[in-house]
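My entries follow in the order in which I looked things up.

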Amino acid sequence: MNNIERRDSQILYISDEHVMAEQKKCRALLQKLNFMDRADFEGIGAVVKELFGTSDGAFVNPPFYCDYGSHIHVGKNFFANYNCTIIDVAPVRIGDNCQMAPNVAIYTAGHPVHPAARNTAYEYGIEVTIGDNVWIGGNTVILPGVHIGDNAVIGAGSVVTRDVPAWCVAAGNPCRVLRSITEADREYYYRHVPVDPEALEDMKRMWEESGDPIRYPEVGE
């Protein structure tokens, strides 16, 4: 196999001239994106669509950094805030309605632990998968091979080294599950502060109009 095939098989590979030629295309798009008028929301969205492998209405607040872009696959309504870095040596797959706060970093790349092996310039990428409706707090780092389940919340400053299950709040270094998300959380917005009556009525109208697709699973489901 050539090094592009090795990289895409998620085994050890070397970043030769063919690999770097792919990165060069990405860097040209990043140059354009990161120096655009920050108020040109339409133009930014168009460059993001060209950069990502798959997207549907995705938006990022520049600056944004990645290695290929084409290995990033996001669902509907993806949003990444300032200074997001996605090292997409392997695929990064993100579901619908996901939000990332500033300074989130997703790493699929890695290097051998032993210095003799590392100094050969061989490296690898292991994919990262994030489900639907996931919110990732600022300054979070997600490491290679991690899977985050639907509807999870990752607290700010977390280092996610292992899989995170669906429907939970997780945080820390290393990131650990703190608690489950329940239907009771629907009517609170910050710790124990309830949603005000006006906003709650508006939310209820939206849930009714949408058919309320997001519900905490009942026992046995």
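**Sheet.** I traced an open sheet of five strands, ordered β2-β5-β8-β13-β16, with parallel pairing. The model is a predicted one. At the edges I found β2 (54-56) and β16 (147-148); each has a single partner strand, so one side of each is left without a neighbour in the sheet. I then examined the pairing of β8 (residues 92-94) with β13 (residues 128-130), and noted three bridges between these parallel strands. Ile 94 has Ile 130 of β13 as its bridge partner.

**Core.** I next looked up the largest nonpolar core, which has 41 residues. Phe 52, Phe 64, Phe 78, Met 100, Ile 106 and Ile 130 have the most contacts inside this core. Another core, of five residues, lies apart from it and includes Tyr 13, Val 19, Tyr 68 and Ile 87. For Ile 106 I listed the residues touched, leaving out those up to four places away in sequence: Thr 85, Ile 86, Ile 87, Val 92, Ile 94, Met 100, Val 128, Ile 130 and Ile 142.

**Pocket.** I noted a volume of about 1,500 Å³ for the largest pocket. Its lining comprises 37 residues, and Trp 135, Val 153, Ile 181, Asp 185 and Tyr 188 lie nearest its centre. Which elements each supply at least two residues of this lining? I recorded β17 (153-154), β20 (176-180), β21 (188-190) and α5 (197-210). The most comes from α5, with four residues.

Terms used. Residues are numbered from 1 along each chain as its sequence is written. This is a predicted model: local features need pLDDT of at least 70, side-chain atom pairs count only at pLDDT 80 or more; totals for chains, interfaces and linings use all residues. Side-chain values use heavy atoms; hydrogens and water are left out. On a 1 Å grid over the protein atoms alone, a cavity is a set of points where a 1.4 Å probe fits but cannot get out, and a pocket is an open set with protein on both sides within 12 Å along at least five of seven lines; lining residues have an atom within 4 Å of a point. Grid points are joined across faces, edges and corners, and a volume is the space filled by probe spheres set on the points. A nonpolar core is a set of buried Ala, Val, Leu, Ile, Met, Phe, Trp, Tyr and Cys residues joined through side-chain atoms within 4.5 Å. Buried means under 20% relative accessible area, exposed over 50%, partly exposed in between (1.4 Å probe, protein chains only). Contact means heavy atoms within 4.5 Å. Two strands pair if DSSP finds at least two bridges between them.
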